[in-house]
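Hi,

Here is the structure I promised to pass on to you. Have a look at it first, then read on for what turned up in it.

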Amino acid sequence: MFRLGIISDTHGLLRPEVLEALKSYDHVLHIGDVGTAETLNTLQQIVPLTAVRGNVDRGAWSEVLPMTNTFSYQHFHFYLTHILEDLDIDPEAGGFSAVLYGHSHRPEMRLKGKTLYLNPGSCGPKRFDLPISWVSMNFSGNGHTLSWHFI
């Protein structure tokens with residue numbers, strides 16, 4: 001089994017329960033607004049990480065983060081961008097299974113054609129009445145499951 005964690009909008013806050021859970025994952029995708037170099041470094045020390053820069057990620061530390069990124073596992077191809085409105089490709093034509101985005105702090109999931117659009121929400125600071133959330137995908141054999149985690 002391969003376990004993939006999908007998080008966004010930590011804004012420098014790595015909640016202990018999220019951090020502890022991610023230690024058992026094979027890879028984590030951070031969909032922007034990491035917030036601090038310390039957050040980035042902590043994640044990189046505990047699990048392989050693929051990330052993108054968000055609109056609050058500024059300064060020399062954040063320059064290592066691309067604005068968009070990709071990640072593939074088996075036949076799943078993910079396109080990562082922090083702000084969905086900045087999407088500059090046709091994901092279906094590009095062969096992407098999913099577009100992962102953040103920014104709104106609002107957990108969302110929908111299909112557009114054959115492409116999944118997924119926002120894991122925010123697992124950083126609480127914002128308004130929005131839940132604290134993140135997503136995991138577990139791959140085994142040719143199947144996969146997607147799970148929401150709400151705190």
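Predicted model: local features only at pLDDT ≥ 70, side-chain atom pairs only at ≥ 80, totals over all residues.

Val-56 counts as partly exposed because its relative accessibility is 32%; buried means under 20% relative accessible area, exposed over 50%, and partly exposed in between, with a 1.4 Å probe and protein chains only. You'll find Val-56 in the loop between strand 3 (49-51) and strand 4. Strands here are DSSP runs of E with at least two residues, helices are runs of H or I with at least four residues, and both are numbered from the N terminus. If you skip the neighbours within four places in sequence, Val-56 is in contact with His-11 and Asp-33, where contact means heavy atoms within 4.5 Å.

Residues are numbered from 1 along each chain as its sequence is written, and side-chain values use heavy atoms, with hydrogens and water left out.

Not counting residues up to four places away in sequence, Ser-62 touches Arg-53 and Asp-57.

Now the whole protein. How many helices and strands does the protein have? There are two helices and ten strands, and from the N terminus on they run β-α-β-α-β-β-β-β-β-β-β-β. The C-alpha trace spans about 35 × 30 × 30 Å along its principal axes. For 151 residues, a compact globule would have a radius of gyration near 15 Å, and the protein's 14 Å agrees with that; this radius is taken over C-alpha atoms, and the globule rule is 2.2 Å times the number of residues to the power 0.38. Buried residues make up 46% of the 151 residues. As for contacts between residues at least 6 apart in sequence, 43% of them join residues at least 24 apart.

The accessible surface comes to about 7,300 Å², and 52% of that belongs to carbon and sulfur atoms. Those areas come from the Shrake-Rupley method with a 1.4 Å probe. On the charge side, there are 11 positive and 15 negative side chains, with the centres of the two sets 4 Å apart. Lys and Arg count as positive and Asp and Glu as negative, while His and the chain ends are not counted; each charge is placed at NZ of Lys, CZ of Arg, CG of Asp or CD of Glu.

The structure holds nine aromatic pairs, meaning rings of Phe, Tyr and Trp (its six-membered ring) with centres within 6.5 Å; planes under 30 degrees apart count as stacked, over 60 as edge-to-face and the rest as tilted. Phe-2 and Tyr-73 make a stacked pair, at 3.9 Å centre to centre and 10° between the planes. That pair links distant parts of the chain, with Phe-2 in strand 1 (residues 2-7) and Tyr-73 in strand 4 (residues 68-73), 71 residues apart. Phe-2 is buried at 14% relative accessible area, whereas Tyr-73 is partly exposed at 22%.

Then look at Tyr-79 and Phe-96: their ring centres are 5.2 Å apart and their planes are at 70°, so this pair is edge-to-face. Tyr-79 is in strand 5 (residues 76-81) and Phe-96 in the loop between strand 5 and strand 6 (98-100), 17 residues apart. Tyr-79 is buried at 6%, and Phe-96 is buried at 18%. There is also one aromatic cluster formed by Phe-2, Phe-71, Tyr-73, Phe-76, Phe-78 and Phe-139.

Last, some backbone angles. Most residues other than glycine have a negative phi. Gln-74, though not a glycine, has a positive phi of about 50°; look for Gln-74 in the loop between strand 4 and strand 5, partly exposed at 40%. His-105 has a positive phi too, near 65°, and lies in the loop between strand 6 and strand 7 (108-112). Is His-105 buried or exposed? At 6% relative accessibility, His-105 counts as buried.

Cheers
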